[in-house]
Amino acid sequence: MTSAITYQNWSQISEEFPSGDETKGARAVLEWAYRTYSEEKIVYASSFGAEAIVLIDLIRQVKPDAHIVFLDTGLHFPETYEVIEKIEARFPDLRIERKQPRLSLDDQGAQYGSALWKRDPNQCCNIRKVIPLKETLTAKQAWISGLRREQSPTRANSEFINKDEKFENIKICPLIHWTWDEIWNYISENDLPYNTLHDHQYPSIGCFPCTQPVGLDGDSRAGRWSGNGKTECGLHTR
């Protein structure tokens, strides 16, 4: 087993994967990931958005019983829970865990006041997403993410293999070279279930109080925390 913390040149490792095949390197990266890390040491943290559906299908081809964690904030759209149930029915061998925060919404309201996401979205994301993922990754050496370079300026420099300073881990991003059109072509060609909010101008889907539809030509992250300059929940920032 190769430990994530022994790597030094992360960009060089990423460049070793071919990106010219039909999956733009994603399949090769996943095969490497599940060969390098035992099933107890790697997890896919999934949002169950469009990118996630593609990644889940690719993962189950490599590791049919892979561990997938969904950060269940208690504030997701009904459509998000619906697509999780469809994926569970489609791929019953996958081990899908719904990780909830230690604080219930009622407890959070009592401690921080109601609608914390309006007053301090960073704190809300920290309580309901960052801390739960940190707890999940404590026993892991690596985690998989569906980041794509095309998504936003903050993700443009993502590599296949990334040293994750925040979680003291390795973050593996198999889809960095995929375009939005390629994501949807794959979903269509493989008849995969997906979050129906994508049909209503929601390219990026998070918690319902902080997610809005965007224009057809807008940044795919523009609908998240609209109006306050926030574009990331904190999982992918230091």
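I looked up α3 (50–62) and helix α8 (residues 180–189), which pack at an angle of about 55° with their axes 9 Å apart. Axes are lines fitted to C-alpha atoms, for helices over the stretch in contact, and angles run from 0 to 180 degrees between N-to-C directions. That angle makes α3 oblique to α8; angles under 35 degrees count as roughly parallel, over 145 as roughly antiparallel, 65 to 115 as roughly perpendicular and the rest as oblique. I noted that α3 passes α8 in a left-handed crossing (the near helix is turned anticlockwise from the far one by less than a right angle; clockwise is right-handed). From α3, the contact (heavy atoms within 4.5 Å) is made by Ala 50, Glu 51, Ile 53, Val 54, Asp 57, Leu 58 and Gln 61. From α8, Trp 180, Ile 183, Trp 184, Tyr 186 and Ile 187 take part.

The model is predicted; local features need pLDDT of at least 70, side-chain atom pairs count only at pLDDT 80 or more, and totals for chains, interfaces and linings use all residues. Residues are numbered from 1 along each chain as its sequence is written, and side-chain values use heavy atoms, with hydrogens and water left out. Helices (H or I, at least four residues) and strands (E, at least two) are DSSP runs, numbered from the N terminus.

I then examined helix α5 (residues 105–112) and helix α7 (residues 121–137), which pack at an angle of about 140° with their axes 12 Å apart. Leu 105, Gln 108 and Tyr 112 of α5 meet Gln 123, Cys 124, Ile 127 and Arg 128 of α7.

Next I checked helix α2 (residues 26–36), where eight of the eleven residues are buried (under 20% relative accessible area; exposed is over 50%, partly exposed in between, with a 1.4 Å probe and protein chains only). Among the buried residues of α2 are Leu 30, Trp 32 and Tyr 34. The buried residues of α2 pack against β1 (42–45), α3, β4, β5 and β6 (169–172).

Finally I turned to Arg 149, in the loop between β4 (142–144) and β5 (161–164). Arg 149 counts as partly exposed because its relative accessibility is 28%. The Arg 149 side chain makes a polar contact with the side chain of Glu 159 at 3.2 Å (a pair of N or O atoms within 3.5 Å; within protein, one must be able to donate a hydrogen and the other to accept it, and residues adjacent in sequence count only if both atoms are side-chain atoms). A polar atom of the Arg 149 side chain lies 2.7 Å from the backbone oxygen of Ser 158. The C-alpha atoms of Arg 149 and His 177 are separated by 6.5 Å, at 28 residues apart along the chain.
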